[in-house]
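I opened this model to look up its strands, its disulfides and its aromatic contacts, and I kept the entries below in the order in which I went through them.

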Amino acid sequence: QLQLVESGGGLVQPGGSLRLSCAVSGFTLDYYAIGWFRQAPGKEREGVSCISSTGGASFYADSVKGRFTISRDSAKNTVYLQMNSLKPEDTAVYYCAAADHLATMCWQGTFYYDLDYWGKGTLVTVSS
């Protein structure tokens with residue numbers, strides 16, 4: 001059974017950093033694109049970043065460009081989201097998701113949400 005489990009969330013001060021992990025099981029990471037999404041209280045879910053199955057292509061939402069970095073470790077079957085220079089508006093539950101093709105998850109600045117595989121999320125709170 002395909003599963004995704006997020007971890008690494010927590011409370012951090014503005015300007016601080018966190019690294020989120022998305023551990024996958026039940027499938028080989030090399031065959032799936034992985035994306036990070038977030039949902040703040042009272043707001044709709046939004047795309048943050050995504051990476052292709054090979055790691056050769058990645059995309060970021062404008063709001064996180066230059067601050068967040070997505071990466072993948074096939075040996076550990078894990079995808080990471082390094083978040084630097086965090087802002088209060090980054091506060092949200094962060095989810096990872098899997099798709100068998102990058103274009104069904106994100107393409108040229110647009111994120112898509114009709115995906116079959118989602119984790120349960122990890123909460124990130126940016127506050128002083």
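Which residue takes a positive phi in the hairpin of E4 and E5? I looked this up first, keeping in mind that the model is a predicted one. The residue is Gly42, with a phi near 75 degrees, and the hairpin has six residues between its strands.

**Entry: strand E4 and its partners**

I followed E4 to both of its listed partners. With strand E5 (residues 46-51) E4 runs antiparallel, joined by five bridges, and I noted Ile51 in E5 as the bridge partner of Ile34. With strand E9 (residues 92-99) E4 pairs over seven bridges, also in the antiparallel sense, and here Arg38 stands opposite Tyr94 of E9. I then checked burial and found that six of the seven residues of E4 are buried, so the strand is largely enclosed by the rest of the structure.

**Entry: the open sheet**

I next traced an open sheet of four strands, whose order is E1-E3-E8-E7 and whose pairing is antiparallel. Strand E1 (3-7) and strand E7 (68-73) stand at its edges with a single partner strand each, so one side of each is left without a neighbour in the sheet. Direction ignored, neighbouring strands here are turned by 15 degrees against each other on average. For E7 and strand E8 (residues 78-83) I noted six bridges in the antiparallel sense, with Thr69 standing opposite Gln82 of E8.

**Entry: disulfides**

How many disulfides does the count come to? The count comes to two, and I took them in turn.

Cys22 and Cys96 form a disulfide with their sulfur atoms 2.1 Å apart, and with 75 degrees about the S-S bond this link is right-handed. Cys22 is in strand E3 and Cys96 in strand E9, so that distant parts of the chain, 74 residues apart, are linked. Both Cys22 and Cys96 are buried.

Cys50 is joined to Cys106 by a disulfide with an S to S distance of 1.6 Å, and the torsion about its S-S bond is about 95 degrees, so it is right-handed. Because Cys50 lies in strand E5 and Cys106 in strand E10 (residues 106-107), the pair ties together parts that are 56 residues apart in sequence. I found both Cys50 and Cys106 buried. Counting the bonded cysteines along the chain, I wrote the pattern down as 1-3, 2-4.

**Entry: aromatic pairs**

I found six aromatic pairs in the structure. Among them, Phe27 and Tyr32 have ring centres 4.6 Å apart and planes at 65 degrees, and since planes over 60 degrees apart count as edge-to-face, so does this pair. Phe27 is buried at a relative accessible area of 11%, and Tyr32 counts as buried at 18%.

Tyr32 also forms an edge-to-face pair with Tyr117, at 6.4 Å centre to centre and 85 degrees between the planes. Tyr32 lies in the loop between strand E3 (18-25) and strand E4 (33-39), whereas Tyr117 lies in strand E12 (residues 117-118), so this pair ties together parts 85 residues apart in sequence. Tyr117, at 31% relative accessibility, counts as partly exposed.

I also noted one aromatic cluster, formed by Phe37, Phe111, Tyr113 and Trp118.

**Entry: charges over rings**

Last, I looked for charged ends over rings. That of Arg19 sits over the ring of Tyr80, 4.2 Å from the ring centre, while Arg45 lies over the face of Tyr95 at 4.0 Å from the ring centre.

Definitions and conventions. Residues numbered from 1 in each chain as written. Predicted model: local features only at pLDDT ≥ 70, side-chain atom pairs only at ≥ 80, totals over all residues. Heavy atoms only, no water. Phe/Tyr/Trp six-rings, centres within 6.5 Å; stacked < 30°, edge-to-face > 60°. Buried < 20%, exposed > 50% of the residue type's maximum accessible area, 1.4 Å probe, protein only. Helix = DSSP H or I, 4+ residues; strand = E, 2+ residues; numbered from the N terminus. Lys NZ or Arg CZ within 6 Å of the ring centre and 35° of its normal. Pairing = 2+ DSSP bridges. Axes fitted to C-alpha atoms, helices over the stretch in contact; angles between N-to-C directions. Disulfide = S-S within 2.5 Å.
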